[in-house]
Amino acid sequence: MVLKTAEEIALMRESAQIVSKTLGMLASEIRPGVSSLHLDQLAETFIRDHGAEPGFLGLYDFPNTLCVSPDAQVVHGIPTNTPLEEGSILSIDCGALKNGFYGDHAYTFAIGDIAPETQQLLDTTKASLYKGIAAFQKGNRVGDVGHAIQSYCEAAGYGVVRELVGHGLGREMHEAPEMPNYGRRGRGKRFQEGLVVAIEPMINRGTKRIKQLKDGWTILTVDGQPSAHFEHNVALLNGRPQLLSTFQFIYEALGIESDEETPFEYTGAAP
Ligand code: MG
Ligand code: MG
């Protein structure tokens, strides 16, 4: 587990905020008829214009800037020319590399009007992300975060994906520790000051079981029901979780009011 100084965490926040702004830009472009490949091209240009490199492009040979996963796709979907459809959802995961540090975060968007039960899946998955972040406290352990997410989502009857997990973040996209979205309280590695993690619940409306397409990337639900994915980058600084990423650029684009991030506001090394 690589612990970061407050100065390094400030640099990591720059990388995370570039991803946040990219997702905010995309929020204004997402509508029925637009293709995910078009969104991917917009994102790549935007990231490079902000002095960063796309974090996913070429990583493990991934072919694009964005992972775009509609409906029953969980994560790691590859952009295509297919127009987005009204009533769908689209999970967008994006990475950026600047000053040698990665940012990595994700949001699931509604395409036009969606069914109430699908909106419920999005709301619950996002709420579970903040339950997980709240458990990322000094003295707590990896299992505390996983337990917070799992218990909240399973109480709603949803499936918590097991095979894919959150992770430490820094000069590598994936650092120790692994951060499962399930677990037992008081188990696993203990969190330490200066740890930066990506917390990212991947939650299915139906079964937790998943499969992979023959493209070697796309993960989807076995039962064809929708799946949601929300991800933030969080630093343990001054003994409390501080958000390096933000959904506020998305909310500004969509006209959403939210104070969900307030308890986890970034203050840096100041108390
Ligand atoms: Mg991600
Ligand atoms: Mg991640």
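I take a residue as buried when its relative accessible area is under 20%, and by that cut-off phenylalanine 230, at 1%, is buried. I keep in mind throughout that this is a predicted model.

**Aromatic rings.** I looked up the aromatic pairs next, and the count came to nine. I placed tyrosine 107 in strand E5 (residues 101-110) and phenylalanine 230 in the loop between strand E13 (227-229) and strand E14 (232-237), so the pair ties together parts that are 123 residues apart in sequence. Tyrosine 107 is buried as well, with a relative accessible area of 7%.

**Nonpolar cores.** The largest nonpolar core holds 54 residues, and Leu26, Leu39, Ile92, Phe136 and Ile199 have the most contacts inside it. Helix H1 (residues 6-29) gives this core its largest share, six residues. Another core, of 15 residues, lies apart from it and has Met12, Phe56, Tyr102 and Val196 among its members. I then listed what phenylalanine 136 touches beyond its neighbours within four places in sequence, and its contacts include Val145, Phe191, Ile199, Val234 and Pro241.

**Helix H3.** I checked the length of helix H3 (residues 116-134): at 1.5 Å a residue its 19 residues should span 27 Å, and its end C-alpha atoms are 27 Å apart, which agrees. Among the buried residues of H3 I noted Leu121, Leu122, Thr125, Leu129 and Ile133.

Technical notes: Residues are numbered from 1 along each chain as its sequence is written. Chains are lettered from A and ligands numbered from 1 in the order in which they are written. This is a predicted model: local features need pLDDT of at least 70, side-chain atom pairs count only at pLDDT 80 or more; totals for chains, interfaces and linings use all residues. Side-chain values use heavy atoms; hydrogens and water are left out. Helices (H or I, at least four residues) and strands (E, at least two) are DSSP runs, numbered from the N terminus. The expected span of a helix is 1.5 Å times one less than its number of residues. Buried means under 20% relative accessible area, exposed over 50%, partly exposed in between (1.4 Å probe, protein chains only). Rings of Phe, Tyr and Trp (its six-membered ring) pair if their centres lie within 6.5 Å; planes under 30 degrees apart count as stacked, over 60 as edge-to-face and the rest as tilted. A nonpolar core is a set of buried Ala, Val, Leu, Ile, Met, Phe, Trp, Tyr and Cys residues joined through side-chain atoms within 4.5 Å. Contact means heavy atoms within 4.5 Å.
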